[in-house]
Amino acid sequence: MSLLSIEAITKEYDGIRALDRVSLKVEKGSIKGLIGPNGAGKSTLFHLISGVEKPDSGKICFKEKNITSLAPHERSALGIGRTFQTLQIWGNMTVVENIMAGMDRRLKGNLLSYGFWLPWIRTSEKEALKEAKEILDSLDLLGKWESMASQLPYGKQKLLELGRALAMKPELLLLDEPASGLTLTEIEQLSERISQIRQEGVTVFLVEHHMGMVMEIADEIAVLHNGELIAEGTPEGVKKNPRVIDAYLTRRNRNQDAQN
Amino acid sequence: MVEQKEKEFRKRDLFFLVPLWLLSLIAPDPYLYHKKEFKKKDLFYLGAICLAPLIWSDPHFHHLMVLAGIYAILALGLSLFMGYAGQISLGHAAFFGIGAYTTAILTAHHGFPPFVALWASTLSASAIAYLIGRSILKLKGYFLALATLGFGEIFLVMVRESTDLTGGVIGIFGIPWFSVIGFSFDTYLKQYYLTWGVLTGLFIFSKNLVRSKVGRALLAVAASEDAASSVGINVPRVKLEIFVLGAAFAGLAGSLFACVMSTANPEAFSLGFTVLIVMMVILGGMGNIYGPIAGAILLTWLMDFLSRYQEYSLPIYSVLLILLLIFFPDGIGTRLNVRVIYLIGYWAKKKKRDEGKL
């Protein structure tokens, strides 16, 4: 059974239909890519899955549980981690604290137990710090663990955001354009890292504009165009699908017309 | 005789500058992770707090420091809500008032011991904060500021109008000194140790919060609520918890205030007082746990010092605040030493520049 299944989901903004009865499934342990021209509704779909926005109709199931009406933090608590298209790291914290804050849902204890610094809080904080450093080490960020997150260069901040999502030990990881703004070498490292994440048993669902990268790492690709799902299948199959070619080419032609 | 009085004043004024400078040495960059642990320096400050009233045995100074300590408790709670969670509250004085009136009514009207009234004040302030926080914390930014401001004003009106319970504009008199199992805090020196003892406890509590999961969740909520909920942080709950905690601090401070001043009247909890507390937090440094204490000491002393100049005190006060905000935008508790070095460097270079031009 699939880990995430979306059934006939529809979302409108002021009468404009951003998503039109989209249904798709993400299998456990796979890497699924979501592509489509700008404005196709990819980010909207991600917002709906992570709960930032609510759908007008349709159903979202995670681990066969209906999560359509849950709040964002409740969905994360079930094991859905995500990164954002516009970078959302916490610049007011150090690098290591960003990762440790990502572990929030795994650290137990209430306000009072932290205020009184009960003995088991001390050990759990120590372990959290140790684990955060291990995650930073795997991302090659350990050298900067104490600097403010806002002082890192853009590429490192992107990595930090990924690390934060990993720190919460998600079962499903939603990556919203992880490669945007990265250099070619950084993209290569990122692809490697994503494959590695999959081997650790995390299902990955990513939106990406960088075709080379998606085609290389994804097991399955879904294509959105004007809010409709126009193709779904293996990278090879999708590449040859006439509707996909049409969607990308007409768009390109239109752009050229507009320029002329 | 007059000369001697002047001298006493100077000695006292100097005292305030020294701890401020020392406070500033703690953290040129308080953000480094390892700086959030307790250090030997903290012990040093604790020692300074214990010894200060013994060295400067001036009752006026003791009284001033008692007030500063009470304001610091209030500012500490507000600092968690404003400086860390990044929310705005302009109704914090109301919780202070709720604490003060609970104590006043329980002790002066019903004869409860102040120790019981202290806990009752803390509980009532936090219970009311829980009730109103559940609804108004959904607001953000200016709207939250307005809602809390409205709450503060409603509280003031209720206190002024319900004459039977609160004594109206005249207030309640004859609140007994604070006492625990027969030991009465009847001198300013004893009150000093009481307030600063409580403040130390609450400071340790707050610092434990700030350096652990709770503090990280607060900073995360302040920076990006979307990102915070994406890692499973329950944003409304985090905000509510810290709002209630801040109110509990305020209620406790209000109870101590009522016992120290032995009166409770509505003038003490007006909008001006809220602004004063907010200024303590901002001047001390947002997101710096030592800041509210430094801010409280500075502003309490400043108001007392300027009261000598009577009608000129407010203009001087406001000009000083503006200057402080220009030269210490991150707060006096954060960057004093850095800024002083910067200023010295600036003037040295200015001299050189001017000479070069000449």
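Student: How many helices and strands does chain B have?
Tutor: This is a predicted model, in which local features need pLDDT of at least 70 and side-chain atom pairs count only at pLDDT 80 or more, while totals for chains, interfaces and linings use all residues. Residues are numbered from 1 along each chain as its sequence is written, and chains are lettered from A and ligands numbered from 1 in the order in which they are written. Helices (H or I, at least four residues) and strands (E, at least two) are DSSP runs, numbered from the N terminus. Counted in this way, chain B has 15 helices and four strands.

Student: What percentage of the residues of chain B count as buried?
Tutor: A residue is buried if 20 or more other C-beta atoms, placed from the backbone, lie within 10 Å of its own, exposed if 12 or fewer do, and partly exposed in between. Of the 358 residues of chain B, the share that counts as buried is 47%.

Student: Is B:Lys36 exposed, partly exposed or buried?
Tutor: B:Lys36 is found in the loop between helix H1 (2-26) and helix H2 (40-55) of chain B. Leaving aside residues up to four places away in sequence, B:Lys36 touches B:Val210 and B:Arg211, where two residues are in contact if their C-beta atoms, placed from the backbone, lie within 7 Å. Because 18 other C-beta atoms are within 10 Å, B:Lys36 is partly exposed.

Student: Which helix supplies the largest share of the side of chain B that touches chain A?
Tutor: The contact takes 29 residues from chain B and 32 residues from chain A. On the side of chain B, helix H8 (188-210), helix H9 (213-223), helix H10 (225-230) and helix H11 (235-261) each supply at least two residues. The largest share, eight residues, comes from H9(B).

Student: How do the residues on that side of chain B divide into nonpolar, polar and charged?
Tutor: Ala, Val, Leu, Ile, Met, Phe, Trp, Tyr, Cys and Pro count as nonpolar, Asp, Glu, Lys and Arg as charged, and the others, Gly among them, as polar. Sorted by these groups, the residues of chain B that touch chain A are 16 nonpolar, nine polar and four charged.

Student: Why can chain A be called as compact as a globular protein of its length?
Tutor: Chain A has 10 helices and 10 strands. The radius of gyration is taken over C-alpha atoms, and the globule rule is 2.2 Å times the number of residues to the power 0.38. For 260 residues that rule gives 18 Å, so chain A is as compact as a globular protein of that length, its own radius of gyration being close to this at 20 Å.

Student: How many residues of H3(A) are buried?
Tutor: The buried residues of helix H3 of chain A include A:Val95, A:Asn98 and A:Ile99, and the buried residues of H3(A) pack against H5 and H6 of chain A together with H9 of chain B. H3(A) is therefore largely enclosed by the rest of the structure, with a buried count of eight of the eight residues.

Student: At what angle do H3(A) and H6(A) pack?
Tutor: Axes are lines fitted to C-alpha atoms, for helices over the stretch in contact, and angles run from 0 to 180 degrees between N-to-C directions. The axes of H3(A) (residues 95-102) and H6(A) are 7 Å apart, and the two helices pack at an angle of about 35°.

Student: Are H5(A) and H6(A) roughly parallel, roughly antiparallel, roughly perpendicular or oblique to each other?
Tutor: The axes of helix H5 (residues 119-138) and helix H6 (residues 154-167) of chain A come within 10 Å and cross at roughly 135°. Angles under 35 degrees count as roughly parallel, over 145 as roughly antiparallel, 65 to 115 as roughly perpendicular and the rest as oblique. H5(A) and H6(A) are therefore oblique.

Student: Is A:Asp14 buried or exposed?
Tutor: A:Asp14 lies in the loop between strand E1 (4-13) and strand E2 (16-26) of chain A, and has a positive phi of about 50° although it is not a glycine. Because it has 4 C-beta neighbours inside 10 Å, A:Asp14 counts as exposed.
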